[in-house]
Amino acid sequence: MSAERAEVIAFIGGGNMASAILGGLLRAGMSAAQFIVVEPVAAQRQKLAGEFGVQALPAGDAGLARATTVVWAVKPQLFAEAAAPLKAWVSGALQLSVMAGIRSDALAAATGAERVVRSMPNTPALIGQGIAGLYARPAVSADGRALVERLLAPTGQTLWVEREDDLDAVTALSGSGPAYFFFFVEAMMAAAVDMGLSAEQGRRLALATCAGAAALGLASDESPTTLRERVTSKGGTTHAAITSLQADTVDAAIRRAVLAAQKRAAELGREFG
Ligand SMILES: NC(=O)C1=CN([C@@H]2O[C@H](COP(=O)(O)OP(=O)(O)OC[C@H]3O[C@@H](n4cnc5c(N)ncnc54)[C@H](OP(=O)(O)O)[C@@H]3O)[C@@H](O)[C@H]2O)C=CC1
Ligand SMILES: O=C(O)[C@@H]1CCC=N1
């Protein structure tokens, strides 16, 4: 990150996502002095200052004008309220949003900046294993795109989409996706207990199995369908389980759930920007 010594990054909102990105950048060698966080909750400001050594302010002030990049990490519902008092100070910076739903038109109008990149990260960013979808407005140069890639690199992979609406699908798939996965693990743990194992044994077995299966899927040239069929011996245990899942139309339920998330992302954009 040495080429970015002049960079000053301001986070608006210092919650889960801001902390994940900030932590990654500090681990990658950026200096705490390069960050400002605007965060209204005193306890959260103390946590950010203590954990990361960054300057955490209760509200925006003229110091924000130093920021070369502003990262919007408040809930979509609070974006308009958070942006209004800051517009005069942030309009010269590159704007990077992690907020679900809020359209780049709304970001540009609320910040007075045309250089806007929207991203949709996910919580594995906390351990550098996230994947973030990215969309840039036309005013963002190749250098601006490259800067955003460097800023998010410590959190994991990035994937650009050319149509802004596709970010709603990314939100539904990988933004919310870790929650679907943990929901599945919770059900596996409950089944473990039903069968007489402890919840902790179930947790270890389920998480190690899911991590191993994901690693196998990434390392293999074979499709998830083929990899599933390889586990499924004729007349065996997996066949019994998959037959039960199919009878319960779990595949259709998962598709409906992901589409519900996509629909909600679009609604958030309409309701809050
Ligand atoms: N969590 C996730 O998995 C993902 C979240 N996102 C997006 O990231 C954004 C943040 O989510 P997340 O980090 O989970 O949420 P958090 O609630 O953890 O963080 C948001 C923070 O912003 C603070 N805040 C509220 N109002 C203001 C304001 N006016 N100015 C500055 N800060 C303010 C909040 O304080 P208070 O608690 O008082 O409201 C809170 O600490 C959302 O837009 C979400 O869509 C994107 C991808 C994944
Ligand atoms: O649930 C949400 O709205 C946010 C966006 C993706 C993950 N969490």
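Predicted model: local features only at pLDDT ≥ 70, side-chain atom pairs only at ≥ 80, totals over all residues.
1. Conventions. Local features need pLDDT of at least 70 and side-chain atom pairs count only at pLDDT 80 or more, while totals for chains, interfaces and linings use all residues. Residues are numbered from 1 along each chain as its sequence is written, and chains are lettered from A and ligands numbered from 1 in the order in which they are written.

2. Sheet. Helices (DSSP H or I, at least four residues) and strands (DSSP E, at least two) are numbered from the N terminus. An open sheet of 8 strands has the order 3-2-1-4-5-6-7-8, with mixed pairing; strands pair if DSSP finds at least two bridges between them. Strand 3 (55–57) and strand 8 (156–160) are the edges, each with a single partner strand, so one side of each has no neighbour in the sheet. From one strand to the next, the twist averages 25°.

3. Strands 6 and 7. Strand 6 (residues 116–120) and strand 7 (residues 130–136) run antiparallel and are joined by 4 bridges. Arg118 stands opposite Tyr135 in strand 7.

4. Helices 8 and 9. The axes of helix 8 (residues 177–194) and helix 9 (residues 199–219) come within 8 Å and cross at roughly 135°. Axes are lines fitted to C-alpha atoms, for helices over the stretch in contact, with angles from 0 to 180 degrees between N-to-C directions. The two helices are therefore oblique to each other, the class left after roughly parallel (under 35 degrees), roughly antiparallel (over 145) and roughly perpendicular (65 to 115). Residues in contact (C-beta atoms, placed from the backbone, within 7 Å) include Phe181 and Met188 of helix 8 and Leu205 and Cys210 of helix 9. By class, this contact has 11 nonpolar, 2 polar and 1 charged residues. Ala, Val, Leu, Ile, Met, Phe, Trp, Tyr, Cys and Pro count as nonpolar, Asp, Glu, Lys and Arg as charged, and the others, Gly among them, as polar.

5. Helices 7 and 12. Helix 7 (residues 166–175) packs on helix 12 (residues 250–272) at about 135°, with axes 8 Å apart. That makes helix 7 oblique to helix 12. Asp168, Ala169, Thr171, Ala172 and Leu173 of helix 7 meet Val258, Ala261, Gln262, Ala265 and Ala266 of helix 12.

6. Ligands. Of the 26 residues around ligand 1, Gly13, Gly15, Ala82, Met99 and Ala100 come nearest; a residue is near if its C-beta atom, placed from the backbone, lies within 6 Å. This shell has 15 nonpolar, 8 polar and 3 charged residues. Ala100, Thr171, Gly175 and Ser176 surround ligand 2.

Methods. Contact = placed C-beta atoms within 7 Å.
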